[in-house]
Each structure stands twice: as structure tokens, then as C-alpha cells.
Amino acid sequence: MGKAARKAALHRLADSEQPPGILAIDGGRAVGWCAVAPRSAYPVLMRSRVAAPLPDRPVGANWFISCLYVRVGCRRRGLTARLIKAAVDHAIACGASCVEACPNEAAKSSAEGFVGTPATFAKLGFVEIARRSPTRPLMRWDDGNAGSPAHTHEHPA
């Protein structure tokens, strides 16, 4: 997708009923971002060799964390974990039964780490459910992880 198409897609997303993610605000300034949405909002994931869904869950109740960003100068303070935790809370509040991500364990820079690291997700109760790439595990948080640090409230009925 070219720049104009990406810009138009972002505008459509921003104008939609579905919020495109979680923002971290510090003193009125955005310092972090976590893109989280139902898997169906990311058609490219259905075709992805690395992040395609497993057939064990209906895609409709399955959400996905696709991107993380923390502003330079605000990194190394645990903000990524707090964004992931907030993303899980948001997804569950919107009816998700699980949240998945495909972090990068070989990231050598923040540009490569825009999907987070497996260690951060694991600390929050995500478990590896598939590995189709040596450095990109598919990880999942679900209701079975209810005692994990990422889970702060009961799943809505």
C-alpha cells in the first residue's frame, strides 16, 4: 500500500466506530501507542505466514496487538507492558475471548521491536501457541490466563 492509500486507510480507521488502539498520555502529550483490534480488522493477518490465526478459535472473538510504539525519552520505564495490559483490558471489555500478538525476539532496534518482545508478553501471561518463524512466536492471552498480570477484571458475561 502506498503512502496515499495508508493515509486514507488511517483516516477511515480514525473516523470509524472502532478505536484504533490505546494511547499513553503523560502531561497531555502522547508518549505511547498500542494498536489493538479484532483480527478481522487486519485482513493481512489472515494471509500472514507468521501471524495467521490457528483454527482453534473463532476469528470474531479473537483480537490482535499489531503495533507498539513508545516515544524516545520515555522508553525503559515499563510503558510497553502497561500499554499491552491496557490493550488486553480494552479487548476483553469489547467482548474478546483472547488477544494475540506476534512479537519479535530478535529486535536490535526500536524500529524492529515495534511489535514488542516475547519476554514482555510472557510476563503478562501470554503463552506461545505457534512458531512459524525462528524469531516471531505467535502468542496468546485468553480467559485461561485469568490470574495473569494482564488480567485486571472478570470477563464480561
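Trainee: How many helices and strands does the chain have, and what makes a run of residues count as one?

Mentor: The chain has four helices and six strands, each being a DSSP run numbered from the N terminus, where helices are H or I with at least four residues and strands are E with at least two. From the N terminus on, the order is α-β-β-α-β-α-β-α-β-β.

Trainee: Why is Asn62 called buried?

Mentor: Buried means under 20% relative accessible area, exposed means over 50%, and partly exposed lies in between (1.4 Å probe, protein chains only). Asn62, found in strand β3, has a relative accessible area of 1%, and therefore counts as buried. In the chain as a whole, 39% of the 157 residues count as buried.

Trainee: What joins the side chains of Asn62 and Glu100?

Mentor: A polar contact of 3.3 Å joins them; the term asks for a pair of N or O atoms within 3.5 Å, where within protein one must be able to donate a hydrogen and the other to accept it, and residues adjacent in sequence count only if both atoms are side-chain atoms.

Trainee: What makes the pair of Arg57 and Asp142 a salt bridge?

Mentor: A salt bridge needs a side-chain nitrogen of Lys or Arg within 4 Å of a carboxyl oxygen of Asp or Glu, and in this pair the closest N and O atoms are 2.8 Å apart. Arg57 lies in the loop between α2 (43-47) and β3 and Asp142 in strand β6, so the pair ties together parts that are 85 residues apart in sequence. Asp142 is buried at 15% relative accessibility, whereas Arg57 is partly exposed, with a relative accessible area of 22%.

Trainee: How many salt bridges are found in the whole structure?

Mentor: The search finds seven, including one between Arg131 and Glu105, with 2.8 Å between the closest N and O atoms, and one between Arg131 and Glu128, at 2.9 Å from N to O.

Trainee: Which residues touch the most other members of the largest nonpolar core, and what makes a set of residues a core?

Mentor: A nonpolar core is a set of buried Ala, Val, Leu, Ile, Met, Phe, Trp, Tyr and Cys residues joined through side-chain atoms within 4.5 Å. The largest holds 25 residues, of which Ile65, Leu83, Phe121 and Phe126 touch the most other members. Helix α3 gives the most to this core, with seven residues.

Trainee: Where is confidence lowest among the helices and strands, and where highest?

Mentor: pLDDT is the predictor's confidence in each residue, from 0 to 100; its mean is lowest in helix α1 (residues 3-15), at 74, and highest in β4, at 96. Over residues 151-157, pLDDT stays under 50. Where pLDDT is low, the predicted coordinates should not be read in detail.

Notes
Residues are numbered from 1 along each chain as its sequence is written. This is a predicted model: local features need pLDDT of at least 70, side-chain atom pairs count only at pLDDT 80 or more; totals for chains, interfaces and linings use all residues. Side-chain values use heavy atoms; hydrogens and water are left out. Contact means heavy atoms within 4.5 Å.
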